[in-house]
Amino acid sequence: MDVKGEDGYELWLRYRKVDNADRLAQYREAIGSAVALGKSLTTDLIKDELARALPALLDSDVSLSEQEPAGNALVVGVAKELEALDVTIPPAQYRRLGEEGFLIRSHQVGGSDWILITGNAEPAILTGTFHFLRLLQTHQDIRDLDLGSSPRIGRRILGHWDNIDGSVERGYAGPSLWNWDELPTIDARYHDYARACASIGINGTVLNNVNAQAKSLTTEYLVKAAALADVFRPYGIRVYLSPLPSAPIRLGGLATSDPRDPVVTDWWKEKVEEIYRLIPDFGGFQVKANSEGQPGPQDYGADHDDGANMLAEVLAPYGGVMLWRAFVYDTSIDADRAKCAYKEFVPLDGQFRPNVSVQIKNGPVDFQPREPFHPLFGALEQTPMTLELQITQEYLGQSIHLVYLADMWKEVLDSDTYAEGPGSTVARVVDGSVYGHTLSSILGVANTGSDHNWCGHHFAQANWYAFGRLAWDHGLSAEAIIDEWIRMTWSNDKGIVEAIKTMMLGSWPACINYMTPLGLHHIMKEGHHYGPNPAFNAAWRPDWNNVYYHRADAEGLGFDRSSSGSNAVSQYHDPLREQFDGIDTCPEKFLLWFHHVPWDYRLQSGRTLWEELQFRYDAGVAFVEKMLDIWQGLQDGIDPQRHTHVGRRLKQQLKNARLWRKVCIDYFGHFADSDGD
Ligand code: GCV
């Protein structure tokens, strides 16, 4: 343990000495030397990473070279470089890896054992190198390795809601990482960011907020974005931007931004040509249009497909993609906000160009502690869909609450849409396998900022980590991911690993319980979205009213979205539709999402709704107490600086959880009691 303490800057890439004697001996024996083949910026990164990691992990000198090794060695190189060392791996195996996959394999040469890390392209072997180092960091057996891994989703993107004044919308970890005033001057931290992303397989970053500013597309700012792209390229990371749909007016001085107007198209053509001149591997655009006051094609009587297709056509010659967001809720279309996006986008299925992906949040409302999956995932057959997750905890206690989100994301990814029969999970819709789409993407709204520990809360780093790992392989379990992360970030000590795992795996259910149990949603404080306010009921905007969402009255609680209510259940396929529709068949976790439930309705526990609600709030608070206890018990195993920091936040979380309970129980109790309970 580092008695001085750690500040969290190193994230999960701490590379502390392996403190398991057997494993250390095995690793020292296996990695007599390391050879990184090839000459490029990416292979330089591999060499740097090995030079940093191996001596630290093995606590010994490890010679690093570009020559054929003598004795046992780690050998890293793409196919043709390994061939030069007479190592042949059947081409079919390389083909299976695709462009980004890697292979880690034990290989015998004469009397020596090599561990090969190979793939078809250099960024792939950089990812493989990080994976191999993860095996050492987590004390895995590295004998007889034969491990091939390729990403299930093609574009794995972090979306930054960062503004050019340095603020971050829904950012809770300090100002933006991008210093736009100083750019194109490069800050060393940009390399550290890219290195962390590359270590978990992230291959794209949207630099600016979806609530876009026109200025981001000026030459001045594109030059700055290009400087970042130059830093990120060797790490295998492409830059994307969020353009303002009305940029032709705002920057070009045109009279319109109507996507059907050829003058507008020409303006975008020129702009995109400029972008690719500066950033030849530019990934594409992410657009928020006609949503929450943003401009868009509907301002001109055109529709989302017109806007998306015009930009997609302009991007297509360069290989760029158009991520068009479906976060729309014009409640004049349907009084139930949860139904709006489906109603707007389903009629457009089949109308989009092949390089358009419709970007859909995990649930139909807005990144709540728990939502059923967005019904669009089961509805668009001809359109690739990007899953948008929120890593930053806008509605989940921001950077104060310890909430591990991978379980939530797994629940969504593993949800069966039944679109093409059983097994049509959201994960398979997104990775393209249900409908045979080749374009596949996933985007996580980043939780990074310029706080020294990157994410505000040391434990929030786990969500960045888990997003990358799940984006690479949505088949991983939340527990497997957290096991890795804990070992790399905190300790390999079994007791510590298990204790932290207990905290983390219970943290999301606890957060749901103390904020929005049983399918409640959107009852947080307006504006900043931190803390409870179920009473909020401003008449000016019904779809932003909390009373609109929970509908508490003397009869009961919850939004009736059944067939006798808003009929949002009809947007799901059977058997889900039927299951959600019945108050007795609806999973209790979504009960108040889909039903207005009488206060005296009995749940599976035998408790009435009102009793169960109180029980859940108590359970949520009790778990935060437990987390605090567990954490206090870890004092001797964790460095004091991080231990104190997390301890303070847990105490704050406990206060907040108690407040949520008090406010919600007082408020709902008023209605429940009026029923005589
Ligand atoms: C970037 C929610 C957030 C907004 C965010 C919006 C979106 O409404 O509160 O801050 O805007 O979602 O995803 O576009």
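**Salt bridges and their surroundings**

Reply: At 12% relative accessibility, aspartate 258 is buried, where buried means under 20% relative accessible area, exposed over 50% and partly exposed in between (1.4 Å probe, protein chains only). This is a predicted model, in which local features need pLDDT of at least 70 and side-chain atom pairs count only at pLDDT 80 or more, while totals for chains, interfaces and linings use all residues. Residues are numbered from 1 along each chain as its sequence is written, and side-chain values use heavy atoms, with hydrogens and water left out.

Aspartate 258 forms a salt bridge with arginine 260, and their closest N and O atoms are 3.0 Å apart; the term stands for a side-chain nitrogen of Lys or Arg within 4 Å of a carboxyl oxygen of Asp or Glu. Arginine 260, for its part, is partly exposed, with a relative accessible area of 46%.

A second pair joins lysine 288 to glutamate 292, with 2.9 Å from N to O. Here lysine 288 is buried at 4% relative accessibility, whereas glutamate 292 is partly exposed at 36%.

In another pair, arginine 607 meets glutamate 612 in a salt bridge whose closest N and O atoms lie 2.8 Å apart. Glutamate 612 is buried, with a relative accessible area of 3%, and arginine 607 is partly exposed at 26%.

Salt bridges can also link several residues, as in the network that contains Glu6, Glu10, Arg14, Arg16, Asp639 and Arg642. By the rule given above, the count comes to 39 salt bridges.
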